[in-house]
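Please keep the sequence and the model in view while reading.

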Amino acid sequence: MQQAITLIWGLPSESGVCKSAVVRPLTIGSELNALAAFEDYAEGKQLGDSATSVALTLAYWTQQLSVDGRPAENLTGAYLMENLVSEDYRLIMAAM
């Protein structure tokens with residue numbers, strides 16, 4: 001159960017820009033991991049409603065998104081927040 005997508009702008013890596021990605025459904029265990037990652041990211045930050053929503057979505061995607069050329073452990077919510085552009089965000093959202 002997965003869907004391949006091609007990002008428009010991609011995500012930077014040591015070897016260049018990665019555009020090939022796969023999305024998959026969120027399992028119960030993955031959801032618990034995502035919630036823990038979100039709590040770690042949000043700790044000590046004053047996030048508004050929009051920022052909280054985006055950060056939570058990105059935390060889920062760390063469990064649902066694979067990007068060729070990016071090790072899974074390096075695909076964090078903070079990394080996505082700093083490197084994922086709006087067009088690719090919408091593309092992933094549509095695929096989910």
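## Overall build

A residue is called buried when its relative accessible area is under 20%, exposed when that value is over 50%, and partly exposed in between. In this model, which is predicted, buried residues make up 33% of the 96 residues in the chain. The accessible surface of the chain comes to about 5,800 Å², and 53% of that surface belongs to carbon and sulfur atoms.

The chain contains four helices and three strands, which follow one another along the sequence in the pattern β-β-α-α-β-α-α. Its C-alpha atoms fill a box of roughly 35 × 25 × 25 Å along the principal axes. The radius of gyration is 13 Å, which agrees with the value near 12 Å that a compact globule of 96 residues would have.

In soluble globular proteins, nonpolar side chains tend to be buried together. Here the largest nonpolar core has 18 residues, and those with the most contacts inside it are Leu11, Trp61, Leu65, Leu80 and Ile92. At least two residues of this core come from each of β1 (3–13), β2 (16–23), α2 (49–64), β3 (65–67), α3 (77–83) and α4 (86–95).

Which residues does Ile92 touch, not counting those up to four places away in sequence? Its partners are Ile5, Leu7, Val23, Trp61, Leu65 and Leu84.

## Thr62, a buried residue in a helix

Thr62 is found in helix α2, and because its relative accessibility is 14%, Thr62 counts as buried. The side chain of Thr62 reaches the backbone oxygen of Ala59 at 2.6 Å. Leaving aside neighbours within four places in sequence, Thr62 is in contact with Leu75, Thr76, Gly77 and Leu80.

## Arg24, a partly exposed residue in a loop

Arg24 lies in the loop between β2 and α1 (28–42), and with a relative accessible area of 28% Arg24 is partly exposed. A polar atom of the Arg24 side chain lies 3.3 Å from the backbone oxygen of Gln63. Apart from neighbours within four places in sequence, Arg24 is in contact with Met1, Gln2, Gln63, Gln64, Leu65, Ser66 and Met96. Ala78, by comparison, is 54 residues from Arg24 in sequence, and the two C-alpha atoms are 20 Å apart in space.

Technical notes
Residues are numbered from 1 along each chain as its sequence is written. This is a predicted model: local features need pLDDT of at least 70, side-chain atom pairs count only at pLDDT 80 or more; totals for chains, interfaces and linings use all residues. Side-chain values use heavy atoms; hydrogens and water are left out. A nonpolar core is a set of buried Ala, Val, Leu, Ile, Met, Phe, Trp, Tyr and Cys residues joined through side-chain atoms within 4.5 Å. Buried means under 20% relative accessible area, exposed over 50%, partly exposed in between (1.4 Å probe, protein chains only). Contact means heavy atoms within 4.5 Å. A polar contact is a pair of N or O atoms within 3.5 Å; within protein, one must be able to donate a hydrogen and the other to accept it, and residues adjacent in sequence count only if both atoms are side-chain atoms. The radius of gyration is taken over C-alpha atoms; the globule rule is 2.2 Å times the number of residues to the power 0.38. Accessible areas come from the Shrake-Rupley method with a 1.4 Å probe; for residues, only the protein chains shown count as cover.
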